[in-house]
Amino acid sequence: MKLTRQRTWVHRNEMVESLILEDGGKIRFYSHTYMVSTKGRAWTPYVKWDNWERQPHVDRFDGSGVMVEQKPCNEKTLEEVLKLVKIFRKNLLSMDISQL
Amino acid sequence: MKIRISKRWKPGDISDLVTSFGRKYGTLQSLQQKVSISKCDSPEQMSDFIVWKHLSQGAEFQDIIIISDTEIFETLSPKRVEMLEYLMSNDVTSIRHLSTSLKRNYKNVYDDLVALSKYGLVDLTPSGRSLKPAAAASRIEISFDV
């Protein structure tokens, strides 16, 4: 079993924190969270894609760290999430992310 | 340009991390219950649960930081790189210990550590009444993609 935690800086105050659990060459668990830090304060989650309990879904937060929506969506790789985050960044908060 | 910072956790570091989870949450079962009830509304708790559970089962653990923001070079001054290299190969007990080892002013060392910690390059862990600095990386690579 191998756990990898990767933080990818998208911008000075924005990053994607990813946690991937691999077992026998297969990804058993993933979580990719787009987070923003304002004025050097703690990181606040904006959007999170994960497959908790083997159910791929996306969670949307309200900008202050409170989850406002959870919708099922296709499994997402880190590369796909990074692509979305780099294109839409904070606009993701007002989009129907499950359709992306 | 891309900077890739990686850290493969040693058994001693993993043991410290597991102990810190115990202090923070009590038991793994109580954290599992919290995560199940909250239905993923806390990414931190969910990640801590996955890490704690699988480290307890002997999983290997690697941390990677990718920075493609060129502003990182404003942070990586020669003195800060020197400090980072020192922390990657030496264990220090406090910021005072580090400033004495590097023969540098305490405040400048503190300011440099805070700047490096903003990019996740160093960890500042409370230890008694002081902060214990440690390198968040065991390897740093800079690459230029064509």
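Mentor: Start with B:G26, which sits just after α1(B) and takes a positive phi of about 90 degrees. Before we go on: this is a predicted model, where local features need pLDDT of at least 70 and side-chain atom pairs count only at pLDDT 80 or more, while totals for chains, interfaces and linings use all residues. Residues are numbered from 1 along each chain as its sequence is written, and chains are lettered from A and ligands numbered from 1 in the order in which they are written.

Now for phi elsewhere. Most residues other than glycine have a negative phi. B:K103, though not a glycine, has a positive phi near 55 degrees. You'll find B:K103 in the loop between α6 (95-102) and α7 (106-118) of chain B. It is exposed, with 6 other C-beta atoms within 10 Å. (Counting C-beta atoms placed from the backbone, buried means 20 or more others within 10 Å, exposed means 12 or fewer, and partly exposed is in between.) Over in chain A, A:E53 also has a positive phi near 55 degrees. A:E53 lies in the loop between β4 and β5 (57-61) of chain A, and is exposed with 10 other C-beta atoms within 10 Å.

Chain B is assigned domain 1 (3-64) and domain 2 (70-138), with bounds from an automatic or database domain assignment. Taken over C-alpha atoms, the centres of domain 1 and domain 2 of chain B are 24 Å apart. Their contact takes 6 residues from domain 1 and 5 residues from domain 2, a contact being two C-beta atoms, placed from the backbone, within 7 Å. On the domain 1 side, the largest share, 5 residues, comes from strand β1 (residues 2-8) of chain B.

Between the chains, the contact takes 23 residues from chain A and 23 residues from chain B. On the chain A side, β1 (2-11), β2 (14-23), β3 (26-37), β4 (43-50) and β6 (67-72) each give two or more residues. β1(A) has the largest share, 9 residues. By class, that side has 9 nonpolar, 7 polar and 7 charged residues. (Ala, Val, Leu, Ile, Met, Phe, Trp, Tyr, Cys and Pro count as nonpolar, Asp, Glu, Lys and Arg as charged, and the others, Gly among them, as polar.)

β1(A) also pairs with strand β2 (residues 60-67) of chain B, in the parallel sense over 8 bridges; pairing needs at least two DSSP bridges. Within β2(B), B:I65 stands opposite A:R7.

As for chain A as a whole, its elements run β-β-β-β-β-β-α from the N terminus on. A compact globule of 100 residues would have a radius of gyration near 13 Å, and chain A agrees at 13 Å. (This is taken over C-alpha atoms, and the globule rule is 2.2 Å times the number of residues to the power 0.38.) Along its principal axes, the C-alpha trace of chain A spans about 40 × 25 × 25 Å. Buried residues make up 30% of the chain's 100 residues.

Methods:
Helix = DSSP H or I, 4+ residues; strand = E, 2+ residues; numbered from the N terminus.
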